[in-house]
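Here is a short note to read beside the model. Keep the sequence and the 3D view open, and take the points in order.

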Amino acid sequence: MKIYKNKIKGSFTIIPNVIKDTRGYFSRIFCSKETKKTLKKFKIVQSNSSFSIKKGTMRGLHYQTKPFEEAKLIQCVSGSIYDVIIDLRKKSPTYLKWEAFEINAKKKIYFLFQKVVLMVF
């Protein structure tokens, strides 16, 4: 698993090791042992899944404030997602900056966004 910092502070691209064989593939989505150096305060507390029937569907603006803020680990298992994040942390060096990602099932890349970042997908 490789982890790269993105432009927005606290945002990461995660490239898993994908092991392929005649049956398909296997990859680890998350491993605290492998991520503890880079993602020191990341803790998984909930896992969700969404599916959009219609192409171009906007799922909404996702943002939580204290004490309900949560980090997001995003993966696309079918089709593609156009995901935009905006840093809303006033004391952050990337405050009000934004970054967009196209996430698709073929690449098998994940994105992690830290707390207090607005996400639109």
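1. **A buried pair to start with.** R89 and D87 are both buried, where buried means under 20% relative accessible area, exposed means over 50%, and partly exposed lies in between (1.4 Å probe, protein chains only). Their side chains meet in a salt bridge, 2.8 Å from N to O. A salt bridge here is a side-chain nitrogen of Lys or Arg within 4 Å of a carboxyl oxygen of Asp or Glu.

2. **What kind of model this is.** This is a predicted model: local features need pLDDT of at least 70, side-chain atom pairs count only at pLDDT 80 or more, and totals for chains, interfaces and linings use all residues. Residues are numbered from 1 along each chain as its sequence is written, and side-chain values use heavy atoms, with hydrogens and water left out.

3. **The other salt bridges.** Side chains of opposite charge can pair when their charged atoms come close. The count for this model is three salt bridges. One of them joins D21 and R23, at 2.4 Å from N to O. D21 is partly exposed, because its relative accessibility is 39%. R23 is exposed, because its relative accessible area is 76%. Another salt bridge links K72 with E70, and their closest N and O atoms are 3.6 Å apart. K72 has 15% relative accessibility, so it counts as buried. E70 has 26%, so it counts as partly exposed.

4. **Charge overall.** How many positive and negative side chains does the protein chain have? There are 26 positive and 8 negative ones. Lys and Arg count as positive, Asp and Glu as negative, while His and the chain ends are not counted. The centres of the two sets lie 3 Å apart. For this, the place of a charge is NZ of Lys, CZ of Arg, CG of Asp or CD of Glu.

5. **Helix and strands.** Helices (H or I, at least four residues) and strands (E, at least two) are DSSP runs, numbered from the N terminus. Along the sequence the order is β-β-β-β-α-β-β-β-β-β-β. Trace that order in the 3D view.

6. **Overall dimensions.** Why does the radius of gyration agree with a compact globule? A compact globule of 121 residues would have a value near 14 Å, and the protein chain has 15 Å, which agrees. The radius is taken over C-alpha atoms, and the globule rule is 2.2 Å times the number of residues to the power 0.38. The C-alpha atoms fill a box of roughly 50 × 40 × 25 Å along the principal axes.

7. Of the 121 residues, 36% are buried. The accessible surface of the protein chain is about 9100 Å², and 55% of it belongs to carbon and sulfur atoms. These areas come from the Shrake-Rupley method with a 1.4 Å probe; for residues, only the protein chains shown count as cover. Among contacts with a separation of 6 or more, 66% are between residues 24 or more positions apart. Contact means heavy atoms within 4.5 Å.

8. **Two positive phi values.** L96 is not a glycine, yet its phi is positive, near 65°. L96 sits in the loop between β7 (80-87) and β8 (98-104). It is exposed, because its relative accessibility is 52%. K108 is not a glycine either, and its phi is positive at about 55°. K108 lies in the loop between β8 and β9 (110-113). Is K108 buried or exposed? K108 is buried, because its relative accessible area is 18%.

9. **Two distances to check.** L88 is in the loop between β7 and β8. Its relative accessibility is 27%, so L88 counts as partly exposed. L88 and I103 are 15 residues apart along the chain, and 22 Å separates their C-alpha atoms. V45 is in the loop between α1 (32-35) and β5 (61-62). V45 is exposed, because its relative accessibility is 63%. V45 and V120 are 75 residues apart along the chain, with 21 Å between their C-alpha atoms.
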